[in-house]
Amino acid sequence: MYRSAKSSKGFITEFLEWFGDLGIFSWQVVRAAVTPYEFRELFLQLDELGSKSVPLVALAGAATGVVLSLEARYSLTRFGAKSLLPAAIAFSVIHETGPIITGLVVSGRAGAGIGAELASMKVTEQIDAIEASAVHPYRLLAATRILACILMLPLPTLAGDACGLFMGWVAQAMVGPLSLHQFISSGFKGASFNDFLPPTFKTAVFGLIIGLIACFQGIRTQGGAAGGRPCGHKLSSPVVAVRDSRRRRASETHHSILPLSATRNWQNRYAHNRSSCDGVTPSRARRQCASRRGRRFAQVLWKSKGFERH
Amino acid sequence: MVEDLHKSFGSQRVLNGISLTVRRGETLAVLGRSGTGKSVLLRLVIGLEKPDSGSVRIYGQDIAGLALDRLGEIRKKMGFLFQHAALYDSLTVEQNVAFPLQHHKKEMSRSEQGNRVKELLAEVGMGGHLEKMPSDISGGMQKRVGLARALALEPEILLLDEPTAGLDPISAAEVDDLVLKLQEEHHMASIVVTHDLHSVKTIANRLALLNEGNVAIEGSFEELQKSDIEFVREFLRHP
C-alpha cells in the first residue's frame, strides 16, 4: 500500500516535471527562434517533413477512403439513404478522417524521425558540438523542425483527403454505376470553403504538437542508443496528443462528432418511423437504433441536415 | 582562468575546488586517471556545463553568468575538439568543417569558404577525403576532421579532449606537430586533456595532474618527474 502510494507519487512528480520541462523548452525555443533565422535548415526540413510524408499519407488516406466508402454504403443502403453516400464520404474524410490520419501518420513517420535524429545527435555530442561552435542548437534544430511541421502538415492533409475521396469514389464505382462528376457534385453540393478550410488548417496545430514533443523528447534524451524510454515517449506522445487534441476539437463542433442528445433525437425519430411504417414495436426499433449501425445512420442524417442548413 | 571550481553530478563530486590559469601562447596539459573530471573541466571552460560554484574567466569575463548570445561571441574565439570528434553524421567531411564558417563567416563567399575548408583539411592530412561521410572514415581520421573544424574560425583558445587517443603513433605525432605549429603561428592558449605522456612532453608547456577532483601538482614535465608525491610518481611510472 505504502509502496503503491509512493510509486504513484513518483509518477505524478515525473509527469509534472515533464510538463514543466516542456514549458521551459517551448519558451527557450520561442526565444531562440526570433532572429537570425536558419532558412537553409528550414527549407531542408520543409522538404523532409512535407513532400516526403505525402506518399505515405496519401496511401493511408486512400485506404481509409475505400473502407469508409464500403462500410457507409452498406449502412446507408440498408436505411434507404444511399443518395447521401457521396456527402457522407466527403464530409467525414475532409472533416475528421483526413486530418487525423495525417496527424497520426506524420507523427509516426516524421515525429519519430525527428525524435530519433535529435536523440542520436544528443548522445553522440553533436548537439554539444553545435553549441560549442557558437550556434544556438534550439534555433538550428528545434525551431526549424517545429516550424516546418506547422507549415507543412496541411499539404499532406490535402493529399490524404484527395486520395481518400478518389478511392472512395473508385470503391463506389466498382460496386455500382457512379461517375466522378456525379460523386463530386453530389458530395460537395452546397458546401463552401468554410467547411473545408478549418479542418485542413487545424493540422497546423497537430504539426505544432508533433514538432514540439518530438524535438523535446529528442533533445532531452540521456544515455545510449537503446534509450527505450525516450524513444517510447517520442513515438507515443505526439500520437496521444494529436488524438486528444482531435477529441477536444471534435467535441466543439457538431459536424465532427454528433452530440449524444442529437443522436438520441434521431434514434427516437427513426424508431417512431419504423414502428409506424413497418409494424415493428417501438422498443425493438429503439434497440435496433441503439446498435452501431443505427448510431452511424443517425450521424449521417444529422450531418446532411447540418449541411443543408449552410 | 578557472578559480575554485566545483562540479557534482548527483551525489558524485567530480571537481572539488580546481584553480588553473592558461595564458596566450601557452599549452596546459591536464592529466589524471579516468573519471577524474578532465573532460568535465573542458566542458565547463566552454560553457557546456555550469559550475556548482567557482568561476571560469575568459578575457576577464565570468562565462557562467553570461547570456547565450554573449557566450556565443566568446565561443567564436574558442575551438573545441571532442573526445569522440562529434562530427555531424549527416554532413560530409567538407560540410562538417564548413559548418562554423557558414554560420559565422557570412562575409566570405562560397568559394572562399570552400578554399578555407580545403586548406584546413589539407593541414590535418585529410585533403583527399572531402566528400566522405564521417561513418566512412576511421576514428583517427574523424579526430583530424574534428580538429580542422575546431580550427575553422581561427580560435585564440583551443580545447583538445584526448586529441591523440585512438591514433596510430605516426598520426599522433602529426597531430602533436600540428598543435605545436598552431601554437607557434597563432599564439593560441591551449588546454589539452590527455593520457598520452609522450604527446605531453612534445606539446605542453605546463602540466596539471588531477586527483580526486583537485590539482595534485602543476608544473613542467621535469618538475612532475622530480615530485615526491606518491600518486604523481605512480602516474608517471605507468605511461
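Two strands count as paired here if DSSP finds at least two bridges between them. Keep that in mind for the tour, since the model in your viewer is predicted.

**Stop 1: the parallel pair in chain B**

Select strand S3 (residues 27-32) and strand S9 (residues 206-211) of chain B. Five bridges link S3(B) and S9(B), and the two run in the parallel sense. For a landmark, show B:Val30, which stands opposite B:Ala208 in S9(B).

**Stop 2: the sheet around that pair**

Now widen the selection to the six strands of this open sheet in chain B, ordered S6-S7-S8-S3-S9-S10, where the pairing is mixed. Which strands stand at the edges? They are strand S6 (78-81) and strand S10 (214-219) of chain B; each has a single partner strand, so one side of each is left without a neighbour in the sheet. Look across the strands and you will find neighbours turned against each other by 15 degrees on average, with direction ignored. While side chains are displayed, recall that in a regular strand they alternate between the two faces of the sheet.

**Stop 3: the four-stranded sheet of chain B**

Next, pick out the open sheet of chain B with the order S2-S1-S4-S5, whose four strands pair in the antiparallel sense. Strand S2 (12-20) and strand S5 (61-62) of chain B are its edge strands, each pairing on one side only.

Start with strand S1 (residues 2-9) of chain B, which is joined to S2(B) by six bridges in the antiparallel sense. B:Phe9 stands opposite B:Gln12 in S2(B). Between S1(B) and S2(B) lie two residues, making this a hairpin, and B:Gly10 in the turn has a positive phi of about 65 degrees.

Then move to strand S4 (residues 53-58) of chain B. Two bridges connect S4(B) to S5(B), and these strands are antiparallel. Select B:Arg57 and look for its bridge partner in S5(B), B:Asp62.

**Stop 4: two helices of chain B**

The crossing is right-handed. To see the contact, show B:Val93, B:Asn96, B:Val97, B:Phe99 and B:Pro100 from H3(B) with B:Val145, B:Ala148 and B:Arg149 from H5(B). By class, the residues of this contact are six nonpolar, one polar and one charged.

**Stop 5: over to chain A**

How many helices and strands does chain A have? There are 14 helices and zero strands in chain A. Of its 310 residues, 43% are buried. Among chain A contacts between residues at least 6 apart in sequence, 84% join residues at least 24 apart.

Select helix H4 (residues 85-123) and helix H8 (residues 180-187) of chain A. The axes come within 7 Å and cross at roughly 70 degrees, which makes H4(A) roughly perpendicular to H8(A). This crossing is right-handed. A:Pro86, A:Ala87, A:Ile89 and A:Ala90 of H4(A) meet A:Phe183, A:Ser186 and A:Gly187 of H8(A). Those contact residues comprise five nonpolar, two polar and no charged.

**Last stop: where the chains meet**

Bring chain B back. Eleven residues of chain A are in contact with 16 residues of chain B. On the chain A side, four are nonpolar, four polar and three charged.

Conventions:
Residues are numbered from 1 along each chain as its sequence is written. Chains are lettered from A and ligands numbered from 1 in the order in which they are written. This is a predicted model: local features need pLDDT of at least 70, side-chain atom pairs count only at pLDDT 80 or more; totals for chains, interfaces and linings use all residues. Two residues are in contact if their C-beta atoms, placed from the backbone, lie within 7 Å. Ala, Val, Leu, Ile, Met, Phe, Trp, Tyr, Cys and Pro count as nonpolar, Asp, Glu, Lys and Arg as charged, and the others, Gly among them, as polar. Axes are lines fitted to C-alpha atoms, for helices over the stretch in contact, and angles run from 0 to 180 degrees between N-to-C directions. Angles under 35 degrees count as roughly parallel, over 145 as roughly antiparallel, 65 to 115 as roughly perpendicular and the rest as oblique. A crossing is left-handed if the near helix is turned anticlockwise from the far one by less than a right angle, and right-handed if clockwise. A residue is buried if 20 or more other C-beta atoms lie within 10 Å of its own, exposed if 12 or fewer, and partly exposed in between; C-beta atoms are placed from the backbone.
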